[in-house]
Amino acid sequence: MFHKLAQKLDQRYHLDMVQAHCDIPCGIYDPHQAQIGALTVIRMVDLIENYLKEHGDALTPELLNSMARYVAVKEEHAELTKHEVRVIWGDFMKDTHAEAYPQLHGLVHKIMKIGSKCRQTVNRETALALLEVVNEFAEIFWQIKGIETKRVKSPYSVKEDVVLPVL
């Protein structure tokens, strides 16, 4: 019914066609949250490994509590990373972007797979791999927006490179 009404209004008033990439065309997308999620995964892996080195294998209530919290945050942020990339990929990216960057779909798939692997394991190399593919995604995102990027050391306790826009 609404469609017919819109057609009649268009026929009479010759309305301009508008385009939106999502239900609410906010236009606010940024891979920063995905990068923060990946950095958090690295940090949680570091905390888990360091805690075990310092305290050994003694099962104490403190150890169990700390491990449960570190693992929960690692899981949450690995999933957050995947979610943020899925939203940008699904809502922002268009067919023309995939044509211009043929590696895009494979890269997103790789992020999903490595993000899942980060949830399944406690492995710093896997966590670093997640950050690297998210950084590649960020570079493509900013290229699409026509914004130059740079790699800088993160200002957090995890001193790994992140891709930032040059504004």
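Helix 2 and helix 3 are roughly antiparallel to each other (angles over 145 degrees count as roughly antiparallel). The model is predicted; local features need pLDDT of at least 70, side-chain atom pairs count only at pLDDT 80 or more, and totals for chains, interfaces and linings use all residues. Residues are numbered from 1 along each chain as its sequence is written, and side-chain values use heavy atoms, without hydrogens and water.

Helices are DSSP runs (H or I, at least four residues), numbered from the N terminus. The axes of helix 2 and helix 3 (residues 61–92) cross at roughly 160 degrees and come within 8 Å. Axes are lines fitted to C-alpha atoms over the stretch in contact, with angles from 0 to 180 degrees between N-to-C directions. This crossing is left-handed: the near helix is turned anticlockwise from the far one by less than a right angle. The contact of helix 2 with helix 3 has 17 nonpolar, six polar and three charged residues. Ala, Val, Leu, Ile, Met, Phe, Trp, Tyr, Cys and Pro count as nonpolar, Asp, Glu, Lys and Arg as charged, and the others, Gly among them, as polar.

Thr40 lies in helix 2 (residues 32–55). Thr40 counts as buried because its relative accessibility is 16% (buried means under 20% relative accessible area, with a 1.4 Å probe and protein chains only). Beyond its neighbours within four places in sequence, Thr40 is in contact with Val73 and His77 (heavy atoms within 4.5 Å).

Helix 3 also passes helix 5 in a left-handed crossing. Their axes come within 8 Å and cross at roughly 165 degrees. Helix 3 and helix 5 are therefore roughly antiparallel.

Definitions and conventions
Helix = DSSP H or I, 4+ residues; strand = E, 2+ residues; numbered from the N terminus. Buried < 20%, exposed > 50% of the residue type's maximum accessible area, 1.4 Å probe, protein only. Parallel < 35°, antiparallel > 145°, perpendicular 65-115°, else oblique.
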